[in-house]
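Please look over the sequence and the model shown here before reading on. The report below is meant to be read beside them.

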Amino acid sequence: MAAAVVRGRPAGWWRWHRRVMVCSRTMASKTPVGFIGLGNMGNPMAKNLVKHGYPVIAYDVFPEACKEFQDLGAQVTESPADVAERADRIITMLPSSPNVREVYTGANGILKKVKKGSLLIDSSTIDPAVSKELAKAVEKMGAVFMDAPVSGGVGAARAGNLTFMVGGVEQEFNAAKELLTCMGSNVIYCGEVGTGQAAKICNNMLLAISMIGTAETMNLGIRLGLDPKLLAKILNMSSGRCWSSDTYNPVPGVMEGVPSANNYQGGFGTTLMAKDLGLAQISATNSMTPVPLGSQAHQIYRMMCAKGYALKDFSAVFQFLREEETL
């Protein structure tokens, strides 16, 4: 009996074709990845891609940030457009909405030379409305845009333990996840473009509120005669426990390996926290959502920026409160 056929092809053809497709994707998985933005977060994230065997094509507005990657064998380009010309998977990690807009749509931006079918992943924390705007512009060029902001800070970026909150076309999620799992231990699909940013700004609003609450609590306990290490121990076995108290305590001397143990250097800057809280306020206003504690936290971090704390870690709110009490 003649072999069965599928639309003119012999039996077994589809199994063979699938094996070829999988093999092609596996080989393509180690094709170059563009990375734009090699700052405090982008630097260790890009390094983790290199560690996982991905050739990285790098760009940063500050050329000195790229030198380290040249030494690691990465290609360094002169503009985001050059990155788009050489790579069809690009990750961006930038400080703010204007920076992201410029990198994507500027005179030498990604969209000037992006290839059809490219996957563009933005891990910056920006206004969800800007992510949606960029997704439309990218789609017109025949490419795919996903927002994938992160949580975990510089330490998690170095360790490859970031959490990614991803928004975009669900069918493209696995392609994004392949890269993001090289840099994070949790990669969560949130929904359409912009929902990753929404999850991130909600998280950071809660983080700011809890850090201020932890700082106030620790300061009050110390003034009432409690040893700070003892108070932290009690809080962390009680109902007041939170990430700010048990993992990132803001009081110098309570924990090692956190910014409070290093004069609040490193970590997540006060300026960036103020920016994220501003994004939360904009979203709250647009959605008519009451966020009184988020609004108060925003004002506190703005005051800190104005009083010399801009470059310190956001946990320096403890020091800020200690200084305020003397006024």
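**Basis and overall make-up**

This is a predicted model, in which local features need pLDDT of at least 70 and side-chain atom pairs count only at pLDDT 80 or more, while totals for chains, interfaces and linings use all residues. Residues are numbered from 1 along each chain as its sequence is written, and side-chain values use heavy atoms, with hydrogens and water left out.

The protein has 14 helices and 11 strands, where helices (H or I, at least four residues) and strands (E, at least two) are DSSP runs numbered from the N terminus. Taken along the principal axes, the C-alpha atoms fill a box of roughly 90 × 50 × 45 Å. Of the 327 residues, 47% count as buried; buried stands for under 20% relative accessible area, exposed for over 50%, and partly exposed for values in between, with a 1.4 Å probe and protein chains only. Among contacts with a separation of 6 or more, 63% come from residues 24 or more positions apart, a contact being heavy atoms within 4.5 Å.

**The two domains**

The protein is divided into domain 1 (33–192) and domain 2 (199–322), with bounds that come from an automatic or database domain assignment. Taken over C-alpha atoms, the centres of domain 1 and domain 2 are separated by 28 Å, and 12 residues of domain 1 are in contact with 11 residues of domain 2. Domain 1 and domain 2 bury about 840 Å² between them, of which 63% is on carbon and sulfur atoms; buried area is the accessible area (1.4 Å probe) that two parts lose on being put together, summed over both. T125, D127 and M165 supply 44% of the area that domain 1 buries against domain 2, more than any other three residues.

As for polar links between domain 1 and domain 2, the count of salt bridges is zero, whereas four residue pairs are in polar contact, both residues being at pLDDT 80 or more. A salt bridge here is a side-chain nitrogen of Lys or Arg within 4 Å of a carboxyl oxygen of Asp or Glu. A polar contact is a pair of N or O atoms within 3.5 Å; within protein, one must be able to donate a hydrogen and the other to accept it, and residues adjacent in sequence count only if both atoms are side-chain atoms.

UniProt, in an unreviewed entry, lists residues 194–320 as "domain: 3-hydroxyisobutyrate dehydrogenase-like NAD-binding". In the model this span is 63% helix and 0% strand, and its end C-alpha atoms lie 33 Å apart.

**The annotated position K200**

The unreviewed UniProt entry lists K200 for "active site"; UniProt positions are given in the numbering used here, feature names are shortened, and annotations may be inferred rather than shown by experiment. K200 is found in helix α9 (residues 195–223). Is K200 buried or exposed? With a relative accessible area of 6%, K200 is buried. Leaving aside neighbours within four places in sequence, K200 is in contact with T125, P149, V150, M165 and D276.

| Pair | N to O distance |
|---|---|
| D71 and K67 | 3.5 Å |
| E85 and K113 | 3.6 Å |
| E324 and K307 | 3.2 Å |

D71 and K67 are separated by about one helical turn because they are four residues apart in helix α3 (residues 64–71), and D71 counts as exposed at 58% relative accessibility.

The side chains of E85 and K113 meet in a salt bridge. This pair links distant parts of the chain, with E85 in helix α4 and K113 in the loop between α5 (97–105) and β7 (119–122), 28 residues apart. E85 is partly exposed at 44%, and K113 is partly exposed at 36%. D82, E85 and K113 are linked in a network of salt bridges.

D88 is found in the loop between α4 (80–86) and β6 (89–92) and counts as partly exposed at 36% relative accessibility. Leaving aside neighbours within four places in sequence, D88 is in contact with K115, S118 and L119. The C-alpha atoms of D88 and K115 are separated by 6.5 Å, although the two residues are 27 residues apart along the chain.
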